[in-house]
Amino acid sequence: MKLRGKITLLGVLPIAVLAVIVTFVSNVQLRSLMAEVVQEDLRAAAKMQYANISNPEGNAFSVDADGNLMNGSINLTEDVDVIDEVSEKSGVDVTVFYGDTRYATSVKHDGERVLGTKASDAVIDKVLKNGEEYFATGVDVVDEKYYAYYIPIYDGDGTGEPVGMVFSGKSQTKVNQELMKFIGIVLMVDVIVVVVCVLCILVVTKRISVRLKSGVSGLGKIANGDLAYQIEEEYTKGKDETSEMMQAVKNLKEELAAIVGKIFENSNQLHDTTVHIKAGADSAQNHLEQVDRAISEIAEGATSQATDT
């Protein structure tokens with residue numbers, strides 16, 4: 001793997017791992033937070049429903065001969081507006097139990113309100129027997145799992161034993177769909193961040209790679225004696241190590257060019273000096289030859305004169 005690939009991998013891998021961790025942690029945290037938010041919303045809706053069905057002068061819950069839940073003169077089973085108002089405002093289903101039986105509700109199945117069903121033993125123990133508020137998950141409502149919140153309701157001034165319950169619930173499927181939207185947003189942000197980081201890394205590594213390749217190419221040309229090679233000025237203008245390296249390559253080329261130029265200049269001077277010395281030697285040789293001839297002539301003249309004598 002080339003250097004650019006290694007640098008890119010070293011940059012991308014931690015970011016990708018971090019993105020996966022962030023998504024996983026966000027998923028866990030969002031699920032926990034969503035459960036808390038749902039619990040508070042359901043509690044508020046249950047309290048609102050209890051306030052809507054309560055009589056300021058004191059409650060008197062009962063079931064009439066027709067099986068309708070009454071609070072004094074108010075028919076809670078048939079007066080569906082009292083139930084539906086809270087359901088529409090809060091976006092959850094609400095139910096009023098008398099004892100352990102559902103008598104008024106916004107929950108529908110095949111267009112009909114689901115009445116007459118019983119609460120579970122766990123709900124009865126917590127709410128009706130102990131008078132506690134109770135939050136539960138996975139509650140089966142018309143073959144669908146719900147988040148559910150129960151609060152006890154009382155006759156008279158609110159003391160004594162609970163006579164029923166108010167239920168507020170929300171489909172876990174709907175909650176999970178809302179949760180997945182948030183997780184989808186987190187995931188999309190993670191992907192965008194990773195893509196932006198990868199692009200930035202690619203830009204930086206390309207810049208480094210181009211300068212390194214130019215430096216290697218330049219050193220190769222210098223090694224082959226090409227001192228006319230020109231390094232692009234933009235590669236030496238930065239403030240990072242690659243710019244410093246390219247400036248060093250440029251300085252090396254210029255210094256080598258200066259040295260070679262000086263050697264060439266000295267070589268020319270040496271050549272000129274050699275030519276000058278050779279010319280002087282040739283001239284001296286000529287003079288010596290002339291002197292030698294002159295001596296020979298003198299010797300010959302002297303010998304001739306001696307013979308004649």
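Residues are numbered from 1 along each chain as its sequence is written, and side-chain values use heavy atoms, with hydrogens and water left out. Because the model is predicted, local features need pLDDT of at least 70 and side-chain atom pairs count only at pLDDT 80 or more, while totals for chains, interfaces and linings use all residues.

We may start with the open spaces. The largest pocket holds about 240 Å³. A pocket here is an open set of points on a 1 Å grid over the protein atoms alone, where a 1.4 Å probe fits, with protein on both sides within 12 Å along at least five of seven lines; lining residues have an atom within 4 Å of a point. Its lining counts 19 residues, of which Lys118, Val139, Asp140, Val141 and Tyr150 are the closest to the centre. Strand E8 (residues 134-141) gives the largest share of this lining, seven residues; strands (at least two residues) and helices (at least four) are DSSP runs numbered from the N terminus. By class, the lining of the largest pocket comprises 12 nonpolar, four polar and three charged residues.

The second largest pocket has a volume of about 190 Å³. Asp93, Glu144, Tyr146, Ser171 and Lys174 are the closest to its centre among 14 lining residues.

Turning to the surface, Leu9, Leu13, Val17, Ile21, Phe24, Val25 and Val28 form a nonpolar patch with about 630 Å² of accessible area together. Patch members have over 30% relative accessible area and no salt bridge, and nonpolar side chains are joined within 5 Å. Leucine 9 belongs to helix H1 (residues 3-53).

Eight salt bridges are found in the whole structure, each a side-chain nitrogen of Lys or Arg within 4 Å of a carboxyl oxygen of Asp or Glu. One of them joins arginine 43 to glutamate 133 at 3.0 Å, N to O. This pair links distant parts of the chain, 90 residues apart, with arginine 43 in helix H1 and glutamate 133 in the loop between helix H3 (121-129) and E8. Glutamate 133 also meets lysine 47 in a salt bridge of 2.7 Å, N to O, across 86 residues. Within helix H2 (residues 80-90), lysine 89 and glutamate 85 lie four residues apart, about one turn. Shared partners join Arg43, Lys47 and Glu133 into one network of salt bridges.

Definitions and conventions
Points joined across faces, edges and corners; volume = space filled by probe spheres on them. Nonpolar A, V, L, I, M, F, W, Y, C, P; charged D, E, K, R; others polar. Patch = residues over 30% accessible without salt bridge, like charges linked within 9 Å, V, L, I, M, F, W, Y side chains within 5 Å. Areas by Shrake-Rupley, 256 points an atom, 1.4 Å probe, with all protein chains shown as cover.
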